[in-house]
Amino acid sequence: MKDEIFKICGESTDITTRTIHIDNNTIDYVYSEALSSGEAITDFILKPLSMIVIDNKKSLSINELVKDCLTGASCREVHDITEAVNDIFLGRTVVIVNNSYILSVETRADLDRGISSSSIEVAITGPRDSFTENFNKNLGLIRKRIRNKDLFVKTINLGNESHTKIGICYMNNIAEESLVNKVMEKIEQIQNDIIIDGGYITEELSKTTFFPQINQTERPDLASFALLEGKVCIIIDNSPTVLIIPTFFIDFFHTPDDYYQKNINTTFIRILRFCAFLIAIFLPGYYISVTTYNPTSIPTNLLLSLIDQHTSVPFPAFFEILIMIIAFEILRESDIRIPSKVGSSVSILGGLILGDAAVSAGIISPIMIIVVAISSISSLVFSYNSMVNLIRYYRYFILVLAILFGIYGLFIGFGILIINLSSITSFGFPYTYPFVPFVKEDILDSLVKVEKKEKKRNPLLAKKKKR
């Protein structure tokens with residue numbers, strides 16, 4: 001049987017088989033050197049097997065003796081070769097007694113990094129631990145915060161070839177059953193060959209709009225908050241992020257740190273984020289519209305100053321701003337991709353080229369650098385990559401409308417933005433919650449944060465309305 005398993009595995013060099021003889025009995029064990037721990041195999045299989053005594057008073061069979069002596073944390077019977085092969089590639093060791101009786105013992109090696117602080121969602125206050133690539137550790141970080149029997153976890157395997165373990169977490173006493181069933185149904189319909197990260201699932205579940213309908217987080221405290229609101233969290237093995245479903249537009253203006261600070265500080269920061277969102281999208285388009293089509297909408301002195309700065313530039317304003325935005329995007333992308341030790345040098349070099357050198361050469365006007373810099377920096381307020389991409393797309397869209405229609409293009413773009421927002425649902429729930437539908441209790445925890453005597457959960461998601 002061990003030879004058959006070895007052939008099914010393609011006779012891979014990392015698949016190792018060994019044989020032990022005890023009296024007239026043959027015990028084979030098969031494991032993957034890449035996935036299993038040699039120390040665990042020695043402690044939980046080889047040492048116990050060496051202690052087996054055949055002459056026993058209870059007259060147990062060799063199968064029962066082997067099963068009783070294996071002291072691994074998880075030892076179970078395997079009923080066919082296919083299951084045995086799957087267990088080997090999960091890091092388990094398969095023990096075969098007399099070529100007929102099969103046991104599977106947990107001997108997985110620790111191939112994951114330890115728990116560290118979040119690198120993207122930086123924690124200013126509050127806990128600093130973050131998810132890792134290990135499924136059990138990620139689930140443990142959530143259970144450490146929610147020590148409740150009603151935290152249910154359903155696991156399935158996704159990926160026709162990768163067989164990635166996926167965990168669907170929800171609070172059984174809070175989350176609506178219809179939401180849980182809908183999430184599980186959509187996930188089971190995914191037919192990709194491989195699932196490596198949450199991005200694969202996000203792409204399959206939200207294909208209809210640029211607006212992010214699923215949030216990815218590195219922080220266990222944010223995932224715990226979401227579960228207690230009645231949302232569903234998805235843990236993906238080998239992924240350092242957890243998906244939160246559903247996600248509303250207002251959620252991207254909130255961070256877990258908001259709940260560790262005073263209300264007045266949180267309110268100020270949230271309003272600042274909303275202003276940054278509007279500035280990042282509309283500022284380049286507004287500059288083009290007032291300098292090209294609607295110069296009378298700004299003070300005369302400011303208009304004369306802008307004209308004076310632009311006289312030495314050979315390009316029209318819209319072409320100038322496109323050059324600057326594209327140059328900044330290239331600089332930002334290169335700063336992300338190259339090693340951190342080189343990144344600071346590239347940033348300084350890019351800043352000098354885009355700043356002082358471009359102005360001195362008369363290619364770019366100083367005010368244009370200010371406009372593009374403010375717009376680009378405003379988009380960096382958001383740590384979620386999906387939100388940054390949304391701002392990027394709408395910035396170009398609004399800029400094109402401003403080039404074509406001037407200031408009227410801004411109003412057209414704003415109207416399209418509102419219509420698009422209002423028409424989106426996230427797993428059947430309005431994306432514009434709590435503004436539409438209007439929920440008075442949650443308006444006090446949207447852009448502003450007001451202390452409430454009686455706190456209530458999200459009425460759209462939760463069975464229990466009171467916290």
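Does Arg332 count as buried or exposed? At 17% relative accessibility, Arg332 counts as buried, a term that means under 20% relative accessible area with a 1.4 Å probe and protein chains only, whereas exposed means over 50% and partly exposed lies in between. The model is predicted, so local features need pLDDT of at least 70 and side-chain atom pairs count only at pLDDT 80 or more, while totals for chains, interfaces and linings use all residues. Residues are numbered from 1 along each chain as its sequence is written, and side-chain values use heavy atoms, with hydrogens and water left out.

**Arg332**
- Arg332 lies in helix 11 (residues 317–337), helices being DSSP runs of H or I with at least four residues, numbered from the N terminus.
- Leaving aside neighbours within four places in sequence, Arg332 is in contact (heavy atoms within 4.5 Å) with Leu380, Val388 and Arg392.

**Helix 15**
- In helix 15, the buried residues are Ile407, Gly409, Leu410, Gly413, Leu417 and Leu421.
- These residues lie on the same side of helix 15 because they cover an arc of only 145° around the axis, taken from the directions from the helix axis to the C-beta atoms.
- On the other side of helix 15, Tyr408, Phe411, Ile419 and Ser422 are exposed.

How values were computed: Helix = DSSP H or I, 4+ residues; strand = E, 2+ residues; numbered from the N terminus.
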